[in-house]
Amino acid sequence: MSADTPRRIVLLRHAKAEWSQESDHERPLAERGRMEAPMVGRKLADSGTVFDLALCSTAVRTRETWKLAVHEMPQRPRTVYEERLYDASLGELIALVDETPDDVTNLLVIGHNPGMHALADALSGSGEGDALARMARGGFPTAAFAVVEFAGSWKTVEHGVGRLAEYWTPND
């Protein structure tokens with residue numbers, strides 16, 4: 001693939017989780033989250049994007065979100081459960097994306113806030129329609145996702161490199 005290959009990264013925040021006595025890492029999805037996750041899976045399937053790779057945090061709520069969402073997709077991408085996604089800073093997230101192999105065109109990342117919002121905001125130098133304004137105004141609620149497009153190698157991912165092509169929340 002050439003240096004100007006179009007790329008797409010979808011940043012998905014896990015669905016609504018329970019507040020429990022468990023450690024934060026072990027929190028399961030709430031009933032609302034179990035309804036949101038398949039909905040987001042259908043929305044991603046309807047986009048027509050075929051993901052080459054999914055990176056999913058090892059937290060229970062992200063794994064459950066992914067398990068419910070992926071069943072709605074026509075094709076299951078290769079999935080890597082990545083513990084570095086849990087509680088990752090913006091810099092750590094960019095470094096993780098930079099490690100993506102160049103044969104991956106469409107990447108899905110299932111993670112947590114504030115990281116997913118921070119990464120979507122940092123990468124998006126421009127936006128489609130009012131997507132940037134809506135994301136700034138609405139934050140990044142559970143089961144929301146942002147689609148950022150850019151051209152080049154994953155190793156060139158940095159602040160402002162992409163265009164926010166879509167921002168979606170379950171309330172849209």
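Analyst: Phe140 and Tyr167 are both buried, where buried means under 20% relative accessible area, exposed means over 50% and partly exposed lies in between (1.4 Å probe, protein chains only). This is a predicted model, in which local features need pLDDT of at least 70 and side-chain atom pairs count only at pLDDT 80 or more, while totals for chains, interfaces and linings use all residues. Residues are numbered from 1 along each chain as its sequence is written, and side-chain values use heavy atoms, with hydrogens and water left out.

The largest nonpolar core has 28 residues, and those touching the most other members are Ile9, Leu107, Phe140 and Trp154. A nonpolar core is a set of buried Ala, Val, Leu, Ile, Met, Phe, Trp, Tyr and Cys residues joined through side-chain atoms within 4.5 Å. At least two residues of this core come from each of strand E1 (6–13), strand E2 (53–56), helix H3 (90–98), strand E4 (106–111), helix H4 (115–123), H5, E6 and E7. Helices (H or I, at least four residues) and strands (E, at least two) are DSSP runs, numbered from the N terminus. A separate core of 16 residues includes Leu12, Ala54, Met73 and Phe145. In soluble globular proteins, nonpolar side chains tend to be buried together.

Leu107 is in contact (heavy atoms within 4.5 Å) with Arg8, Ile9, Val10, Phe51, Leu53, Leu55, Val97, Thr100 and Trp154, leaving aside its neighbours within four places in sequence.

Next come the aromatic pairs. Rings of Phe, Tyr and Trp (its six-membered ring) pair if their centres lie within 6.5 Å; planes under 30 degrees apart count as stacked, over 60 as edge-to-face and the rest as tilted. The count by this rule is 3 aromatic pairs. Phe140 and Tyr167 form a tilted pair, with 6.0 Å from centre to centre and 55° between the planes. This pair links distant parts of the chain, 27 residues apart: Phe140 is in the loop between helix H5 (131–138) and strand E6 (145–151), and Tyr167 is in strand E7 (residues 162–168).

The loop between H5 and E6 also holds Ala143. Its phi is near 65°, a positive value in a residue other than glycine. Ala143 has a relative accessible area of 1%, so it counts as buried.

Another loop, between E4 and H4, holds Pro114. A cis peptide bond joins Asn113 to Pro114, with omega about 10°.
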